Amino acid sequence: MVNNITNFSRSGLSDWVLQRVSAVVLAAYSVFMVGYLLLHPNLDYATWSGLFENTAMRIFSLMAFIAIAAHAWIGLWTVATDYMKPTALRFGFQVFVILALFIFLVWGVQVLWGA
């Protein structure tokens with residue numbers, strides 16, 4: 001039996017599902033943003049700001065931020081465990097990725113919901 005010590009007791013299936021769900025959220029957000037930009041060729045600050053004053057857009061953007069973080073974590077965790085054999089190097093890389101993603105999420109929440 002294989003002990004799962006670095007993946008916090010999740011299965012590969014849950015990682016696979018989370019990767020696909022996050023990809024769908026990111027695809028929907030990307031399609032929406034490209035469509036919005038195409039439909040507003042003379043976009044100014046007031047229009048752009050008005051879009052992000054809408055609570056639904058803020059929630060959608062927050063979902064996209066969380067999806068980016070989840071997608072990146074699973075992808076980089078997979079790369080690290082597959083290609084970084086020294087445990088110390090892999091651990092350091094994973095800590096760096098976690099800190100970077102945490103900073104990204106906190107900063108994104110501040111931008112979306114801050115004053």
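Modeller: Leucine 76 belongs to helix α3, which spans residues 55-83, helices being DSSP runs of H or I with at least four residues, numbered from the N terminus. With a relative accessibility of 34%, leucine 76 is classed as partly exposed (buried is under 20% relative accessible area, exposed over 50%, partly exposed in between, with a 1.4 Å probe and protein chains only). Its C-alpha atom is 8.0 Å from that of glutamine 94, although 18 residues separate leucine 76 and glutamine 94 in sequence. This is a predicted model, in which local features need pLDDT of at least 70 and side-chain atom pairs count only at pLDDT 80 or more, while totals for chains, interfaces and linings use all residues. Residues are numbered from 1 along each chain as its sequence is written, and side-chain values use heavy atoms, without hydrogens and water.

Turning to helix α2 (residues 45-53), glycine 50 sits within α2 and is likewise partly exposed, at 34% relative accessibility.

Helix α2 packs with α1 at an angle of about 150°, their axes lying 12 Å apart, where axes are lines fitted to C-alpha atoms over the stretch in contact and angles run from 0 to 180 degrees between N-to-C directions. The two helices α1 and α2 are therefore roughly antiparallel, a label for angles over 145 degrees. On α1 itself, which covers residues 12-39, one finds leucine 13, and leucine 13 is exposed, its relative accessible area being 59%.

Note on methods: Parallel < 35°, antiparallel > 145°, perpendicular 65-115°, else oblique.
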